[in-house]
Amino acid sequence: MKQLIKLLLSTCICFGIFAMEHTIDHVYSQKEVPSYAKWGRIAMEKTKERFPNAEIVDYLHIGREKGVNTSTETFKLWLEEPKKEFGVFVDITFNNLTEEIIRIKFREVSS
């Protein structure tokens, strides 16, 4: 009888831990994706194209400048090459209605 109680108790504890972990994972998976995420991916892709020998080691969303017809998302990426470390500001200007990219501007800054 004691063995059965121990087995039931340990099963309940295991199930409770599993349910708790599942709930925590579910809550974390429901975090809202930031509005700039799409533009951040594009900034990283275009930076890799422009600097193919560099590795992106850091990423920062600076902000959005919203206009009537267009907006500009600005990011700062930190890159490392074999003998050089530097930052790049990436400005992505796009149409507010269609989200069509109008211009991507790169500004390199030294360390």
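Here are some friendly questions and answers about side chains in this predicted model.

Residues are numbered from 1 along each chain as its sequence is written, and side-chain values use heavy atoms, with hydrogens and water left out. Local features need pLDDT of at least 70 and side-chain atom pairs count only at pLDDT 80 or more, while totals for chains, interfaces and linings use all residues.

Me: Is Asp91 buried or exposed?
Reply: Let's start with the cut-offs: buried means under 20% relative accessible area, exposed over 50%, and partly exposed in between (1.4 Å probe, protein chains only). Asp91 has a relative accessibility of 10%, so Asp91 counts as buried.

Me: Which strand does Asp91 lie in?
Reply: Helices (H or I, at least four residues) and strands (E, at least two) are DSSP runs, numbered from the N terminus. Asp91 belongs to the run covering residues 84-95, which is strand E3.

Me: Which residue forms a salt bridge with Asp91?
Reply: Side chains of opposite charge can pair when their charged atoms come close. A salt bridge is a side-chain nitrogen of Lys or Arg within 4 Å of a carboxyl oxygen of Asp or Glu. For Asp91 the closest N and O atoms are 3.0 Å apart, and the partner is Arg107.

Me: How many residues apart are Lys84 and Glu108, whose side chains meet in a salt bridge?
Reply: The side chains of Lys84 and Glu108 meet at 3.0 Å, N to O. This pair links distant parts of the chain, with Lys84 in strand E3 and Glu108 in strand E4 (residues 101-110), and the separation is 24 residues.

Me: Which ring does Lys84 lie over?
Reply: A charge sits over a ring if NZ of Lys or CZ of Arg is within 6 Å of the ring centre and within 35 degrees of the ring normal. Lys84 is 4.6 Å from the ring centre, over the face of Phe86.

Me: Why does the pair of Trp39 and Phe94 count as stacked, or at what angle are the planes?
Reply: Rings of Phe, Tyr and Trp (its six-membered ring) pair if their centres lie within 6.5 Å; planes under 30 degrees apart count as stacked, over 60 as edge-to-face and the rest as tilted. The structure holds five aromatic pairs. In one of them, Trp39 and Phe94 have ring centres 4.1 Å apart, and the pair is stacked because the planes are at 15°.

Me: Which residue meets Glu73 in a salt bridge?
Reply: Glu73 is buried, with a relative accessible area of 1%. The salt bridge has a distance of 2.5 Å, N to O, and the partner is Arg64.
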